[in-house]
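Here is a short tour to read alongside the sequence and the 3D view. Keep both open and follow the residues as they come up.

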Amino acid sequence: SRAWWLDLHAAGFGLVAIWLIGSALGGFRRKGTDPRPWREDSALVVEGIYRHTRNPMYVGMALAYVAITLVLNTLWPLLT
């Protein structure tokens, strides 16, 4: 049987991941610039979540990866 605390941690990591990625994309939208790194920048985003971290989308994606490994109840992917 699955441990309830595993699901709780997965949900927590997943919610934080969604919040980080959403906050980052919202900052790009407010500045009117494209979040895709291969596109030309029209503005530098330094407000919102970007005041605290320079890579909120990457941190969010890493946390989503952790959440998925917890949901699947397999920790070996974290070794990669």
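The model you are looking at is predicted. Asn 73 has a phi near 55 degrees, a positive value in a residue other than glycine. With a relative accessible area of 49%, Asn 73 is partly exposed, because exposed would require over 50%.

## Thr 69 in α2

Step back into the helix and you come to Thr 69, which belongs to α2, residues 56-71. Is Thr 69 buried or exposed? Its relative accessibility is 4%, so Thr 69 counts as buried, the cut-off being under 20%.

What does the side chain of Thr 69 find there? One of its polar atoms lies 2.7 Å from the backbone oxygen of Val 66. Setting aside residues up to four places away in sequence, Thr 69 also touches Thr 74, Pro 77 and Leu 78.

## How the two helices pack

Two packed helices can be described by the angle between their axes and the distance between those axes. Here, α1 and α2 pack at an angle of about 155 degrees, and their axes are 8 Å apart. That makes α1 roughly antiparallel to α2, because angles over 145 degrees fall in that class. The crossing of α1 past α2 is left-handed.

Which residues meet where these helices pack? On the α1 side they include Leu 6, Phe 13, Val 16, Leu 20, Ile 21 and Phe 28. On the α2 side, Met 57, Val 59, Met 61, Leu 63, Val 66 and Leu 70 are among them. In the contact of α1 with α2, 20 residues are nonpolar, three are polar and none is charged.

## The loop between the helices

Several residues are worth a visit in the loop between α1 and α2, and Asp 34 is one found there. The side chain of Asp 34 makes a polar contact with the side chain of Arg 36, at 2.7 Å. Leaving out neighbours within four places in sequence, Asp 34 is in contact with Phe 28 and Arg 39.

The side chain of Ser 42 reaches the backbone oxygen of Gly 32 at 3.2 Å. Apart from neighbours within four places in sequence, Ser 42 is in contact with Gly 32 and Thr 33. Leu 44 is also placed in the loop between α1 and α2, and at 60% relative accessibility it counts as exposed. With neighbours within four places in sequence set aside, the contacts of Leu 44 are with Lys 31 and Arg 54.

## Distances across the chain

How far apart in space are Ser 42 and Trp 4, which are 38 residues apart in sequence? Their C-alpha atoms are 46 Å apart. For Leu 44 and Ala 67, 23 residues apart in sequence, the C-alpha to C-alpha distance is 30 Å.

Ala 3 gives another pair to look at: Ala 3 and Leu 72 are 69 residues apart in sequence, and 12 Å apart in space, C-alpha to C-alpha. Ala 3 is found in the segment before α1. At 23% relative accessibility, Ala 3 counts as partly exposed.

Conventions:
Residues numbered from 1 in each chain as written. Predicted model: local features only at pLDDT ≥ 70, side-chain atom pairs only at ≥ 80, totals over all residues. Heavy atoms only, no water. Helix = DSSP H or I, 4+ residues; strand = E, 2+ residues; numbered from the N terminus. Buried < 20%, exposed > 50% of the residue type's maximum accessible area, 1.4 Å probe, protein only. Polar contact = N/O pair within 3.5 Å; in protein donor to acceptor, adjacent residues only side chain to side chain. Contact = heavy atoms within 4.5 Å. Axes fitted to C-alpha atoms, helices over the stretch in contact; angles between N-to-C directions. Parallel < 35°, antiparallel > 145°, perpendicular 65-115°, else oblique. Left-handed = near helix turned anticlockwise from the far one by under 90°. Nonpolar A, V, L, I, M, F, W, Y, C, P; charged D, E, K, R; others polar.
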